[in-house]
Structure formats: C-alpha cells, structure tokens
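Please look at the sequence and the structure before reading on.

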Amino acid sequence: MASTDKLLALAQEHQWTISQGPGGFRIDDVDAAVFGAAAFAAGGAALGAGAREVRAATLAAVMICLPVALLSLVPDDAVGPAIEALISVVTAAFPFRPALDALTAGLDLTGPSMWLPMLHLALLTVIYGALARLALKRF
C-alpha cells in the first residue's frame, strides 16, 4: 500500500497523465506497445515451435530478424520505388515496421493514425499464433 501511495505522489509531482495533452502519456502509446509485444511473442512462439530446439531457434531468429529489422528502418524516400515496394512486402510479414509505425503515430499527436499499424500487428499475432499451434500439433 505504501508503494502505491509513493507511485501516485510521484505521478502527481511529475504531472504524469493518461491523456492526449502535449507531453502527456497517452493510453494509445501503451496499446501500441502491447500490440507490438504480442506480435513479437507470437512470432517467437511460431519460430520456436517450428525449430523444436533452442539453439536452432535462436540462430534462426538472429538470421531472420536482424536483416528484417534493419530493412524496417530504411526511410520510404531513401530508395527507388521498386526497391521500396520490395522492402514493404518483406517487412509486412514481420512486426518490426508496424510496431515502429504504431509507436511513432502514438507519440506524434499530429501524425498519421495508429489504428492501421495496430490492425496489422493484430493480424500478424493471429497468423503467427496459428502457425505456432500448427507446428506444435505436428508432433
């Protein structure tokens, strides 16, 4: 109980809010982080279920995710249209770019809507979860 009181006093002292005010901590930011975490967890479960061994799953995660994460950081206007389309197709299968877009939209009050990236993350979560379930059912 004392720790809760200290946390509330700290929040009031630093004026932490769950609102849409400038500088405030919006509930949308938390939603974007939760949706991104769920998509990453489901992807990890699918990868682990498919690999069936810890070392193989770890190696596959590094070999697959590191290049895709770097591709997700490439700005849209930094490459030509054909390469941009290819990067968009590749990064759409992984939660890196949608999570980045959702968090960016959640932090920027005047930016684009965050609901499309969050829908993308939810869809990836369902697909990866189904793949993990199928991989576990296989054995």
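## Basis of the description

The model is predicted, and local features are given only where pLDDT is at least 70, side-chain atom pairs count only at pLDDT 80 or more, and totals for chains, interfaces and linings use all residues. Residues are numbered from 1 along each chain as its sequence is written, and side-chain values use heavy atoms, with hydrogens and water left out.

## Overall fold

The protein has six helices and zero strands, and from the N terminus on its elements run α-α-α-α-α-α. Helices here are DSSP runs of H or I with at least four residues, strands are runs of E with at least two, and both are numbered from the N terminus.

Of the 139 residues in the protein, 23% are buried, where buried means under 20% relative accessible area, exposed over 50% and partly exposed in between, with a 1.4 Å probe and protein chains only. Among contacts between residues at least 6 apart in sequence, 63% join residues at least 24 apart, a contact being heavy atoms within 4.5 Å.

On the α3 side the contact is made by Cys65, Val68, Ala69, Leu71 and Ser72, and on the α5 side by Phe96, Arg97 and Leu100. These residues divide into six nonpolar, one polar and one charged, where Ala, Val, Leu, Ile, Met, Phe, Trp, Tyr, Cys and Pro count as nonpolar, Asp, Glu, Lys and Arg as charged, and the others, Gly among them, as polar.

The axes of α3 and α4 come within 10 Å and cross at roughly 130°, which makes α3 oblique to α4. In this pairing Val68, Leu71 and Ser72 of α3 meet Ile87, Val90 and Thr91 of α4, and the residues of the contact divide into four nonpolar, two polar and no charged.

Thr91 lies in helix α4 (residues 81–92) and is buried, with a relative accessible area of 3%. Leaving aside neighbours within four places in sequence, Thr91 is in contact with Val68, Leu71, Ser72, Arg97 and Pro98.

## Nonpolar cores

The largest nonpolar core has eight residues, namely Ala32, Ala39, Ala99, Ala102, Ala105, Met114, Met118 and Leu121; a core of this kind is a set of buried Ala, Val, Leu, Ile, Met, Phe, Trp, Tyr and Cys residues joined through side-chain atoms within 4.5 Å. Helices α2 (27–51), α5 and α6 (115–138) each supply at least two of its residues, and the largest share, three residues, comes from α5. Apart from this core lies another, of seven residues, among them Ala42, Ala49, Tyr128 and Ala132.

Ala39, a member of the largest core, is in contact with Pro95, Leu121, Thr125 and Tyr128, once neighbours within four places in sequence are left aside.

## Gly44

Gly44 has its place in helix α2 and counts as partly exposed at 41% relative accessibility. Gly44 and Thr58 are 14 residues apart in sequence and 9.5 Å apart in space, C-alpha to C-alpha.

Terms used: Axes fitted to C-alpha atoms, helices over the stretch in contact; angles between N-to-C directions. Parallel < 35°, antiparallel > 145°, perpendicular 65-115°, else oblique.
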